[in-house]
Amino acid sequence: MTSESDHIVAETAARIFADLAEPQAINQAKDGAWRDPLWQAITEAGLPLAWVSEELGGSGASLAEGFAILGVAGRFALAVPLAETLIAGWLLARARLEAPATAMTVAPARPLDHITLDAGGRLSGKATGVPFARDTEHIAVLAEGDAGAVVALVEAKDCRIAEGHNLADDVANVVRFERVKPLASAPAGFDRTALMLMGATVRSVQTAGALQAILSLSVAYANERVAFERPIGKFQAVQQNLARLAGEVAAALAVSGSAADTLAQADAVDDGVFLEAASAKIRCAEAASEGAAIAHQVFGAIGFTKEHVLHRFTLRMLAWRDDFGNESYWAAELGRRVARRGADEFWPLVASR
Amino acid sequence: MSTDLQFDPVRLPPECEALRNEVRAFLAEEAAAGTFDPHCPGYGDSHNRAFSKRIGAKGWIGMTWPKKYGGHERSFLERYVVTEEFRVANAPVRLHFVADRQSGPVLLKYAPEHVKLDILPRICRGELCFVIGMSEPGSGSDLFAAKAKATKVDGGWRINGSKIWTSNAHVADYMLGLFRTSAPTKENRRHGLTQFLIDMKAPGITVNPIIQMTGQHDFNEVVFDDVFMTDDHVMGEIDSAWKQATSELAYERSGPERFLETFYVMLELIRALGAEPDIRSAEGLGRLVAQLHTLRRMSVSVAGMLQAGKEPVVEGSIVKDLGTIWEQKLPGRVRELTAFLEPEIGNRETLERQLAFAITVAPKLTIQGGTTEILRGIIARGLGLR
């Protein structure tokens, strides 16, 4: 449920992003000089380590407050590793490891990648599509050890990181761990599914935010752009498409908000948590696909240009579909869980949320 | 209105769980006693007066209404639980459902006190069936083109004309209908319609059946030949029904019945796939589950808005638009996902019977209670496009 404090945190984030990460301004920027002041401002506001308690070096905000920040970040198509540092901080904090005051990312970022911790305490394996790995100083890793899952903090410079970008041209890399010695490690007490569900929910909340921005841009454009002597928003065909877009936005908002609310209260992964978070990733990814297509159709040629801001939102949310499990992966996993429960236990699960 | 949509993660309060268990126990008993067959498609569409009375006796009709009128002053969220459990169980609620969902709330708002005291308690007891008199042969989605007329006479009104596609009229006790009391004006084509409470037993009313392509008798044509209604049958302001119609629609559009109508095929799909489906079936099932969960969370969120006293017309329209399209596509998806199953699976016969019914019934789902196109027009208006 949205509370007063979520609201205050979200407003702080919105103020900083409006000043230093306005999408139009970022889109026109000649270079990446906007990054440092932005990161400094969000660090000063305590946003990147919001999910780390004060004793472990963070600002000790609630999960709900962190999700509120991420919704706003989505509305600005924010292109710095804020979400990734949040997840990394959350992962470290759950293993009671102290978080460094730097930008971080998290590995694995895809559910089929594996990193192992050997008896000598060294990490091996490969993680693909790790967001911002080349731009961050530390990586929080969830590895499989002999005695179960382990959380480890490593320095990015100790890993072999390939060049790479996602659809939106944000840095995203294949990271190879070749007997990397972590700075610190501790038993996780939970498995990869919990990390993937967290990442999936984070991306869902960001996607819903991006979709909100896309809807408001699209409606404003349809009311302003004239064709056949009328604003195109007066044509029923365009109205019907925008109403569909609103439906996708509403679905993404509802399901991601519900999943965030669920994770904010959950102690462990049960079928209810799984249903919420997996559904959010599936439905938000579908909404991203539908929503991007509709918005581009409304904008026509101008929305297909580098100069126009629309791609900052559409390409980013299309890229997010692939992080922390794409919709096909989660659908298969969710389908399996539902099948295992059986038909008679299906409705009670849905109704329990 | 604006593009600033909000769907808070409303949770059902703890008292709903006790209620849910009570409802499930009641439904299990009734199903065991043979009142209805949870696996027989279309059963939820049938009428059962004795059953409706037992539901009324449980206090599950008019749940949110004042006690003074026979209601139970419970929350919209509690009503939500009852509605979804009945729907999922495929229990016959047709008889009282329209009265409970939308006619009662209209009466509460607009009927004279003595009419409320007379009719609302009877709805709550499960004794009355209401129908909606909006569409006419020449006016469907275009509500305000209605021509059926009410003419002022001494002590009341004379009604002439006809309504069509009127579900349940052949068993109904009352209709809430729109009738023309003045011509539309140049400035406002919606002007001139008045909402009336019609006693379906009044002389001059003829109900002609129209059989649907599913073989069911649900639709009717209702013909009015000089039907007399006293003045206290006028609901709200004369000539201004258009002001009253929108809030009724918020109730009508966002409930669980707007995405659960073909739910039984999903249960049968899960049964058919078994505990270890292949990856294609698992993925297909998972996508359906994600949609269902999303729709339900949206719908509960709208119930929370109603509970908070809001009129979520746009949000309700969005839920109905997405929900009806999904429930319409669901049988087709189930058909695809069961295409490669072994012919001998245990529930094959039930599955096929249910699929056949669901596929036949599917076209109406995006028409009844406001077509997809009309809903999207309402949403577009809400976004500030018209």
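Chain A is divided into domain 1 (1-78), domain 2 (104-189) and domain 3 (192-351), with bounds that come from an automatic or database domain assignment. This is a predicted model, in which local features need pLDDT of at least 70, side-chain atom pairs count only at pLDDT 80 or more, and totals for chains, interfaces and linings use all residues. Residues are numbered from 1 along each chain as its sequence is written, while chains are lettered from A and ligands numbered from 1 in the order in which they are written.

The predictor assigns the complex an ipTM of 0.97 and a pTM of 0.96. For chain B the average pLDDT (the predictor's confidence in each residue, from 0 to 100) is 94, and 98% of the residues score at least 70.

Chain B is also split into domains: domain 1 (15-128), domain 2 (132-242) and domain 3 (254-383).

| Domain pair | Distance between centres |
|---|---|
| Domain 1 of chain A and domain 2 of chain A | 24 Å |
| Domain 1 of chain B and domain 3 of chain B | 23 Å |

Within chain B, 13 residues of domain 1 are in contact with 16 residues of domain 3; a contact requires C-beta atoms, placed from the backbone, within 7 Å. Helix H3 (residues 76-88) of chain B contributes the most to the domain 1 side, with seven residues. Helices (H or I, at least four residues) and strands (E, at least two) are DSSP runs, numbered from the N terminus. By class, this side of domain 1 of chain B has five nonpolar, five polar and three charged residues. Ala, Val, Leu, Ile, Met, Phe, Trp, Tyr, Cys and Pro count as nonpolar, Asp, Glu, Lys and Arg as charged, and the others, Gly among them, as polar.

Between the chains, 46 residues of chain A are in contact with 46 residues of chain B. On the chain A side, the largest share, 15 residues, comes from H7(A). That side of chain A has 27 nonpolar, 13 polar and six charged residues.

Chain B as a whole has eleven helices and eight strands. Its C-alpha trace spans about 70 × 50 × 40 Å along the principal axes. Of the 386 residues in chain B, 51% are buried, meaning that 20 or more other C-beta atoms lie within 10 Å of the residue's own, with C-beta atoms placed from the backbone. Among contacts in chain B with a separation of 6 or more, 75% join residues 24 or more positions apart.

Technical notes. Contact = placed C-beta atoms within 7 Å. Buried ≥ 20, exposed ≤ 12 C-beta atoms within 10 Å, placed from the backbone.
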